Amino acid sequence: MTQLTLPPATNCRYTFVGEGAANVVFEVHPQPEGGDNDNHNVFKGYLLRVPKAGTKAFPYSELQSYWQSVVRPLFDEGDLTEQRLVRLDASGETISSLNKVLEKNEACRRKDFRGSRVAKAEYGMLVDDMCKKHPDDVVLEFKPKWLAQSPSAPASARRCRNCAREACKSSGKPIICSLDFFESPGDPQALPLTLARLTSSLLPENPEGNEHARLAHWLQTNTLIPRLRDLQVSFDSNGPLSRKTDARDLQLAMTLRDCSCFVRIPARADLPVEAKLADLDKKNGMAKLEYWQRTERELIEGGTTTEQSSHRERRTASWREPLLAIET
C-alpha cells in the first residue's frame, strides 16, 4: 500500500473531534492552495488519530502491524473501521498546529484530559469517520467491554464482570449489562432494559423518529457483538489469574475487551444501520498483567461479584452467560 504523508501544516486546517486516554482525533481539512487535489481526496471520509504524549502505548507502526496481522483476520469485511498509517511532517509543524487546536478547545475537554498534548511522533493514523453523514443521522458510541463472565469469577457470582466492576468503582456512569443484551432476542424484559441504557444518554428524545425501533432491530439481529464475545472467550478461557508469564492470548482478549463500537443510524429509513468496531489497539500484556490480576482479585475479594445486582432480579445460574457494559 502506498505510504501516505499528511500535507504540510500550512496547507491544512484541523478540527478537534474527540480523545481518549492515549489518543486524540481530529478532522483534517486540506486547503485548495495545497496543490495536490488527488492527495487531498485521500483524506475524505477519514479522521486523523494521533498519540498523546506521556503514555506507555506502543508506537503507531507497531499498533498498525498488530492490527493488520492479528486483529483484522478475526473479523469479516466491514466489521472494523479501516485504518492506515500516515506520516507526519518531520518539522514538527503539524504537531504544533494540533496542540494549538487542543489549547483552543481546552474548556470543552474532559477535566482529566485537559493539559495533555499530542506527542512528537513519526506517524498518525487515518481512521474511518463514523460521524454523521447527514445532519439527521444518529451515531452512538459505546464500549462493549467484557461480553462474557470472567473465568476467574466464583461459581456463586451474581453480577457480571461489567456490573461488578462498576459497583467497585461507584463512578455513577451508565453501564449496559451484557446479560440483558444477549437475552434480548428472546426475553421481552431484557430488550427494553438494554435499549433504555443504550439510548438514555445517546439517542435524542424524538417521539416522531424511528431510531429506537431501528436500534432495537439491530440489537436483536446483529452478528458483530456475538462474534466479539466469542473471540474474547476463545482467547481467555481461564481468566487473568491463571496466567504466569505468557500473556499473548490474554493480551489479545483484553484488546478485544477495550474496543469501541460505533453504530450509525441513517436518517433515511431505507438505509441499513451500520456498526463497526474501532480502537483495537495492542495491549502490553506483560506490563499490564499485574494490574489485570489485581483488578480480578479486588472484585472477588471485595465481594462485588457475589452481591445482588440492584437494577434487576438475577438468576444465579445466569451469571456465567455472556454480558455487556460501558465502563471498565
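Let me start with a definition: rings of Phe, Tyr and Trp (its six-membered ring) pair if their centres lie within 6.5 Å, and planes under 30 degrees apart count as stacked, over 60 as edge-to-face and the rest as tilted. Two notes on the source. This is a predicted model, where local features need pLDDT of at least 70 and side-chain atom pairs count only at pLDDT 80 or more, while totals for chains, interfaces and linings use all residues. Residues are numbered from 1 along each chain as its sequence is written, and side-chain values use heavy atoms, with hydrogens and water left out.

By that definition there is 1 aromatic pair in the structure. The ring centres of phenylalanine 16 and phenylalanine 26 are 6.2 Å apart with the planes at 65 degrees, so the pair is edge-to-face. Phenylalanine 16 belongs to strand S2 (residues 12-19) and phenylalanine 26 to strand S3 (residues 23-30), 10 residues apart. Strands here are DSSP runs of E, at least two residues, and helices are runs of H or I, at least four residues, numbered from the N terminus. Phenylalanine 16 is buried, at 16% relative accessible area, and phenylalanine 26 is buried at 0%. Buried means under 20%, exposed over 50%, and partly exposed in between, with a 1.4 Å probe and protein chains only.

Next, charges over rings, meaning NZ of Lys or CZ of Arg within 6 Å of the ring centre and within 35 degrees of the ring normal. Arginine 110 places its charged end over the ring of phenylalanine 113, 4.1 Å from the centre.

Now the sheets; two strands pair if DSSP finds at least two bridges between them. S2 and S3 lie in an open, mixed sheet of 6 strands, ordered S1-S5-S6-S4-S3-S2. Strand S1 (4-5) and S2 are at its edges, each with a single partner strand, so one side of each has no neighbour in the sheet. Strand S5 (residues 83-87) and strand S6 (residues 123-128) run antiparallel, joined by 5 bridges. Within S6, methionine 125 stands opposite leucine 85.

What is the strand order of the open sheet with 3 strands? That order is S7-S8-S9, with antiparallel pairing. S7 is joined to strand S8 (residues 260-265) by 5 bridges, and leucine 140 has valine 263 in S8 as its bridge partner.
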